[in-house]
Amino acid sequence: MNKYFRSWKEFKDYLYADAFRYVEYHGEIHPLKWIKYYLRHPNYRYVFWLRHVQFTYGRNWMILWRMYAYLKLQNLRNKTCIQISPSIKIGKGFYIGHWGSIVINAREIGENVNIIQTCTIGVAYRGDRGGIPTIGNNVYIGSGTRIFGGITIGNNVAIGVNSVVTRDVQDNSVVVGSPAKVISMRGSEGYIYSYIDSNGVKHPRFKN
Ligand SMILES: CC(C)(COP(=O)(O)OP(=O)(O)OC[C@H]1O[C@@H](n2cnc3c(N)ncnc32)[C@H](O)[C@@H]1OP(=O)(O)O)[C@@H](O)C(=O)NCCC(=O)NCCS
């Protein structure tokens, strides 16, 4: 059984929601814009092939597809310095803004999460907060952020540039600094845009 995608339809929904984050224009995905974006942006290609690798897990008749997707992912890893463990369940609408030095190992990542360049999410090896993080929905992770340990980042959280997060963060918090402290409860609104929410409602950046 594949824990990432139960069906072909679910897989397609995820691919659509991901693409929507990158090339949404007035609530639609323009196919030509999509092709241009795909060719020019390895950060998006990384997410696209990561989904393919995950879709082929447990579907052994797709072994050739899986091998191809793995090779694509390896190649993109070497080109972009993005390294995300394919074992992480990542919600729809995963957005990597730019690339370079992104390393992610997490228990789970929610829907419509933004991660920017030079971020590390990973393990703390000891103590009460040992383990790997869980990231909620609509979380904005600013560039240069480090998040580690068995902690939970709530929904709609914004994490400022260069923060170091080692403790749980409540829903709707804005945290900055090293160690990160809460500076407001304005959440990630405005920082997460062009997305489809969990009810399937589109939130276009550019309204008609
Ligand atoms: C954390 C963040 C989301 C907060 O946004 P906001 O809620 O609009 O708050 P503001 O930017 O007005 O900042 C509020 C205060 O926190 C300070 N602050 C903001 N981010 C900070 C950071 N990363 N480290 C330290 N202090 C920070 C501001 O200087 C300001 O202090 P002041 O009130 O004394 O002037 C935003 O500052 C941020 O870091 N965004 C990430 C941007 C990013 O990743 N850009 C790269 C794109 S490629």
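**Exercise 1: a loop residue**

Decide from its C-beta neighbours inside 10 Å whether N138 counts as buried or exposed.

*Solution.* Start with the cut-offs: a residue is buried if 20 or more other C-beta atoms lie within 10 Å of its own, exposed if 12 or fewer, and partly exposed in between, with C-beta atoms placed from the backbone. N138 has 26 such neighbours inside 10 Å, so N138 counts as buried. Before going on, note that this is a predicted model, in which local features need pLDDT of at least 70 and side-chain atom pairs count only at pLDDT 80 or more, while totals for chains, interfaces and linings use all residues. Numbering runs from 1 along each chain as its sequence is written.

Helices (H or I, at least four residues) and strands (E, at least two) are DSSP runs, numbered from the N terminus. Finally, check the backbone: N138 is not a glycine, and its phi is positive, near 55 degrees.

**Exercise 2: other backbone angles to check**

*Solution.* Begin with the background: most residues other than glycine have a negative phi, and most peptide bonds are trans. In the loop between β5 and β6 sits S101. Its phi is positive, about 55 degrees, although S101 is not a glycine. S101 counts as partly exposed because it has 14 C-beta neighbours inside 10 Å.

Now the peptide bond: S178 and P179 are joined in cis, with omega about -5 degrees. P179 belongs to the loop between β16 and β17.

**Exercise 3: the surroundings of the ligand**

Find which residues come nearest to the ligand, and sort the shell around it by class.

*Solution.* First collect the shell, where a residue counts if its C-beta atom, placed from the backbone, lies within 6 Å of the molecule. There are 17 residues around the ligand, and G142, A158, G160, V161 and V176 come nearest. Two elements give two or more residues to this shell: β16 (174–176) and β17 (181–184).

Then sort by class: Ala, Val, Leu, Ile, Met, Phe, Trp, Tyr, Cys and Pro count as nonpolar, Asp, Glu, Lys and Arg as charged, and the others, Gly among them, as polar. The shell has seven nonpolar, nine polar and one charged residues.

**Exercise 4: two helices side by side**

Work out why α3 is largely enclosed by the rest of the structure, then find the buried residues of α4.

*Solution.* Take length first, with the expected span being 1.5 Å times one less than the number of residues. α4 (residues 63–80) has 18 residues and reaches 25 Å, close to the expected 26 Å.

Now burial. Twelve of the 15 residues of α3 are buried, so the helix is largely enclosed. Its buried residues pack against α1, α2 (31–40), α4, β3 and β5 (95–97); here, two residues are in contact if their C-beta atoms, placed from the backbone, lie within 7 Å.

In α4, the buried residues are A69, L73, L76 and T80. They cover an arc of only 65 degrees around the axis, which puts them on the same side of α4; the arc is taken from the directions from the helix axis to the C-beta atoms. An α-helix has 3.6 residues a turn, so residues three or four places apart point the same way. The face turned away from the buried side carries the exposed residues I63, L64, M67, L71, Q74 and N78. Among the elements covering the buried residues of α4 are α3 and β3 (82–84).

Last, look past the helix ends: C81 follows α4 with a positive phi near 55 degrees, and G58 follows α3 with a positive phi near 75 degrees.

**Exercise 5: the core**

Which residues have the most contacts inside the largest nonpolar core?

*Solution.* A nonpolar core is a set of buried Ala, Val, Leu, Ile, Met, Phe, Trp, Tyr and Cys residues joined through C-beta atoms within 7 Å. The largest has 53 residues, and I96 and I159 have the most contacts inside it. Helix α3 (residues 42–56) gives the most to this core, with seven residues. Leaving out residues up to four places away in sequence, I96 touches N43, Y46, V47, I82, I102 and I115.
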